Number of protein chains: 2
Amino acid sequence: MMEVDIPRNDLNSEIIIRTNDKTVSSVIQQESIAQGERLTLSRVSYFDINGYKRCWEGATRIARRDGNRVDSVTVLAFYKRLLYHDCIILVKKFRPALKTYTIEMVSGLVQENEGAGETALRELYEHTNLFGAVKTIGTPLSTDPNFSNCMTRFVTVNVDGDNPMNRNPKQSEDPFKETIIIPVSELRARLIEFAADNYIVDSRLEVFAIGSVMGNVSRKSNKLVPTCVLK
Amino acid sequence: MMEVDIPRNDLNSEIIIRTNDKTVSSVIQQESIAQGERLTLSRVSYFDINGYKRCWEGATRIARRDGNRVDSVTVLAFYKRLLYHDCIILVKKFRPALKTYTIEMVSGLVQENEGAGETALRELYEHTNLFGAVKTIGTPLSTDPNFSNCMTRFVTVNVDGDNPMNRNPKQSEDPFKETIIIPVSELRARLIEFAADNYIVDSRLEVFAIGSVMGNVSRKSNKLVPTCVLK
């Protein structure tokens, strides 16, 4: 492995990569090309592992709060009723970025002094009029790592459909924030229909549906396999 | 529903929303705040369904080819060997946007005159040294619809692990593009370990793992339920 001598005068003291491994890539400098109200268009120069200087251009969020690596939560919300199939709760949204309607899980930005679970329940209620209970809160995840520094967490929420206060989800007369409730077993088929109707399905929702159809089907034998076949 | 009278002089002729429904939201104007080499920082004003004028700020890609709505492919690649568990093929990547390493599915931008399947096999080979066969090509999906107009497709690819030419995936002495191969049944547990080791897992990978653990577990009874319980 080539060891890279980073010129000291290129170093931006704001950018510190915590590493005790000389073979990892490292950021040299980050500059702002332009700044809007919420985003910065950024250029980052860095050394890759082979010692080549590379340049990345992307967008970064301005309003990230100190000590909080996560901008948003994504709500994996399930509508449960006794003797009924478990359903997943989705929303139809107008997305200016794409200039059309999308089918997505509920999501939203974490507000000041708000925990991820609180954000999830608030956004779920704002989008759907449903009251949920937080089941699990996931780790920080990248949303589009080639493009931005945005990060989210999945929060799994159960909604008790037998509770009278959850009998009134937002109805379709308000298509701006329409609530869609679909049995998990039919999700994949319904997403194909939405795509055929020119809605844009979010990639996280699509791959959840693919995963749920595939399941843990990898157990072919009782033979023990190592955790990592190749590493 | 309030009908919105959009002032003609605000209309940007480049922005056309194909719709025959007066109740949907529509874009009024898109302006570029700043332009880099690959991205534009954009401000979009639009009317929401209630007739309120709103403003969205985000990033859009410059280099999108005509007639192609999709920038990238995301490769759901499976390593299959006779009598072994099916494995999923992942990569460890340095992401300047996040200034650290991520665990992701293989992905990459679609190049000129390239089909989604071709991109998937090229990117898989470049990242992992493995030769795959395309199984399915998915529909265009949003990657971060609150933030950008980026779109991707999932391409499912099988890699024949019994074929001698697939015995040599990229090894860990090149951590810049390290190949990671994990039994699908262990994916969720391994992602938790990666997160504990301070890697950032991509949200698509995480939610695929959640889906594959949950499976289609919604069939509680033989009772028929409507496709959409509430709509």
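This is a predicted model: local features need pLDDT of at least 70, side-chain atom pairs count only at pLDDT 80 or more; totals for chains, interfaces and linings use all residues.
Modeller: Helices here are DSSP runs of H or I with at least four residues, and strands are runs of E with at least two.

Biologist: Why is Thr152(B) called buried?

Modeller: A residue counts as buried when its relative accessible area is under 20%, and Thr152(B), with a relative accessible area of 1%, is therefore buried. Thr152(B) belongs to strand β9 of chain B, residues 151-160.

Biologist: What makes the pairing of Thr152(B) with Ser72(B) a polar contact?

Modeller: The cut-off for such a pair of N or O atoms is 3.5 Å, and the side chains of Thr152(B) and Ser72(B) are joined by a polar contact of 3.0 Å. A polar contact of 2.9 Å also links the side chain of Thr152(B) with that of Thr74(B). Apart from neighbours within four places in sequence, the residues in contact with Thr152(B) include Val70(B), Pro140(B) and Leu141(B), as well as Ser203(A).

Biologist: Why is Met165(A) called partly exposed?

Modeller: Exposed residues have over 50% relative accessible area and buried ones under 20%, with partly exposed in between; Met165(A) has 45%, and so Met165(A) is partly exposed. Met165(A) sits in the loop between β9 (151-160) and β10 (177-183) of chain A, and together with Tyr125(A) and Phe131(A) it makes a nonpolar surface patch of about 290 Å².

Biologist: How do you know that the buried residues of α2(B) line one face of the helix?

Modeller: In helix α2 of chain B, residues 187-196, the buried residues are Leu187(B), Arg190(B), Leu191(B), Phe194(B) and Ala195(B). Viewed down the axis of α2(B), these buried residues fall within an arc of 145°, so they line one face of the helix. The face turned away from that buried side carries the exposed residues Ile192(B) and Ala196(B), and just after α2(B) comes Asn198(B), which takes a positive phi of about 70°.

Biologist: What makes the buried residues of α2(A) line one face of the helix?

Modeller: Helix α2 of chain A, residues 187-196, has Leu187(A), Arg190(A), Leu191(A) and Phe194(A) as its buried residues. Seen down the axis of α2(A), they fall within an arc of 105°, and they therefore line one face of the helix. Just after α2(A), Asn198(A) takes a positive phi of about 70°.

Biologist: How many of the residues of chain A count as buried?

Modeller: Of the 231 residues of chain A, 52% count as buried, while the chain exposes about 10600 Å², of which carbon and sulfur atoms supply 47%.

Note on methods:
Residues are numbered from 1 along each chain as its sequence is written. Chains are lettered from A and ligands numbered from 1 in the order in which they are written. Side-chain values use heavy atoms; hydrogens and water are left out. Buried means under 20% relative accessible area, exposed over 50%, partly exposed in between (1.4 Å probe, protein chains only). A polar contact is a pair of N or O atoms within 3.5 Å; within protein, one must be able to donate a hydrogen and the other to accept it, and residues adjacent in sequence count only if both atoms are side-chain atoms. Contact means heavy atoms within 4.5 Å. Patches are made of residues with over 30% relative accessible area and no salt bridge: like charges are joined within 9 Å, nonpolar side chains (Val, Leu, Ile, Met, Phe, Trp, Tyr) within 5 Å. Accessible areas come from the Shrake-Rupley method with a 1.4 Å probe; for residues, only the protein chains shown count as cover. A salt bridge is a side-chain nitrogen of Lys or Arg within 4 Å of a carboxyl oxygen of Asp or Glu. The arc is that of the directions from the helix axis to the C-beta atoms.
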